[in-house]
Amino acid sequence: MAALEPEVLCPAAAPDLEWFENAEETQAPQIELVETTSAQASVNPSEHFCPRDCTVPVVFPGPVNQEGCCRFTCELLKHIMYQRQQLPLPYEQLKHFYWKPSPQAEDVVRKKPWTAAEASSRKCQQTLVELESVFSHLESLFARTLVPRVLILLGGSAVSPKEFYELDLSRLVSDNMEQSLNTAACLRHLFRAIFVADVFSELQTPPLMGTIIMALGHRDCGEDWFRPKLNYRVPSRGHKLTVTLSCGRPLIPTTVWEDYIWYQAPVTLKGFY
């Protein structure tokens with residue numbers, strides 16, 4: 001039976017998903033995600049999409065593990081940086097075309113003036129190295145603690161960004177057992193919802209901006225790379241997109257998050273053309 005698209009608040013045509021359909025499948029044994037049919041939310045045609053505040057809810061039919069939650073975070077970060085023109089190509093293509101050269105090649109480059117192409121390649125390599133570092137430490141953080149919320153902040157500062165993207169994982173029931181949903185299938189489900197919502201099309205072309213990553217984690221998780229921000233308050237200004245993930249199960253009591261604090265990545269990701 002053909003499955004309909006997940007319910008979203010901002011409908012629009014969905015772009016081609018071929019680039020993501022070829023993503024590497026998770027090798028751990030997992031249950032395949034089966035999308036259930038759902039009716040599209042009724043929308044008043046007189047209402048226009050407001051680019052300053054949009055919510056995309058995605059419901060999975062079962063629990064996901066911490067590894068899956070980390071993948072959602074990393075892939076959303078890649079997608080936002082590309083869609084907001086902080087990366088000239090999707091991350092995987094950049095990684096393919098601009099893989100870091102050998103140390104010997106680096107030495108040769110340093111001994112002569114850089115051409116424009118070499119300078120661009122060097123900027124790309126630096127950004128890729130920083131992104132890989134963030135992904136690696138996010139994986140470590142998710143292994144140490146539940147992470148109910150992640151913020152991706154573009155431009156400005158951590159307290160007053162120009163653009164504010166939130167991934168809300170607090171409604172998911174994390175399950176590290178083998179009977180968790182297939183991560184690759186969940187990613188397709190998630191990005192189909194984002195594409196249908198078409199949340200980026202009406203935003204103006206941005207300048208190059210810094211990207212800051214904030215994550216909510218337990219205060220006693222022992223994290224030593226992300227910097228704890230005890231008094232941090234979630235921004236109330238700037239364009240906001242919230243992606244909420246849930247699995248149709250009872251919510252985790254809010255009291256569980258009382259001992260959680262915000263952590264900030266110590267690097268600001270810099271976009272390039």
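The model is predicted. The chain has 273 residues, and 46% of them count as buried. Its secondary structure comes to six helices and eight strands.

**Overall layout**

- Along the sequence, the elements follow the pattern α-β-α-α-α-α-β-β-α-β-β-β-β-β.
- Take the contacts in the chain with a separation of 6 or more: 89% of them join residues 24 or more positions apart.

- Strand 2 covers residues 149-154.
- Five of its six residues are buried, so strand 2 is largely enclosed by the rest of the structure.
- Strand 2 runs antiparallel to strand 3 (residues 163-171), and six bridges join the two.
- Val150 stands opposite Leu167 in strand 3.
- Strand 2 also pairs with strand 4 (residues 210-218), again in the antiparallel sense, over five bridges.
- Here Val150 stands opposite Ala215 in strand 4.
- Leu153 has Ile212 of strand 4 as its bridge partner.
- In a regular strand, side chains alternate between the two faces of the sheet.

**Strand 4 and its other partners**

- Seven of the nine residues of strand 4 are buried, so strand 4 is largely enclosed by the rest of the structure.
- Strand 4 pairs with strand 7 (residues 260-264) over five bridges, in the antiparallel sense.
- Ala215 stands opposite Tyr263 in strand 7.
- Strand 4 also runs antiparallel to strand 8 (residues 269-270), with two bridges between them.
- Thr211 stands opposite Leu269 in strand 8.

**Helix 2 against helix 6**

- Two packed helices are described by the angle between their axes and the distance between the axes.
- Helix 2 (residues 66-83) packs on helix 6 (residues 183-197) at an angle of about 40°, and their axes lie 10 Å apart.
- The crossing of helix 2 and helix 6 is right-handed.
- From helix 2, Gly68, Arg71, Phe72, Glu75, Leu76 and His79 take part in the contact.
- From helix 6, Thr183, Cys186, Leu187, Leu190, Phe191, Ile194 and Phe195 meet them.
- By class, this contact has eight nonpolar, three polar and two charged residues.

Note on methods. Residues numbered from 1 in each chain as written. Predicted model: local features only at pLDDT ≥ 70, side-chain atom pairs only at ≥ 80, totals over all residues. Heavy atoms only, no water. Buried < 20%, exposed > 50% of the residue type's maximum accessible area, 1.4 Å probe, protein only. Helix = DSSP H or I, 4+ residues; strand = E, 2+ residues; numbered from the N terminus. Pairing = 2+ DSSP bridges. Axes fitted to C-alpha atoms, helices over the stretch in contact; angles between N-to-C directions. Left-handed = near helix turned anticlockwise from the far one by under 90°. Contact = heavy atoms within 4.5 Å. Nonpolar A, V, L, I, M, F, W, Y, C, P; charged D, E, K, R; others polar.
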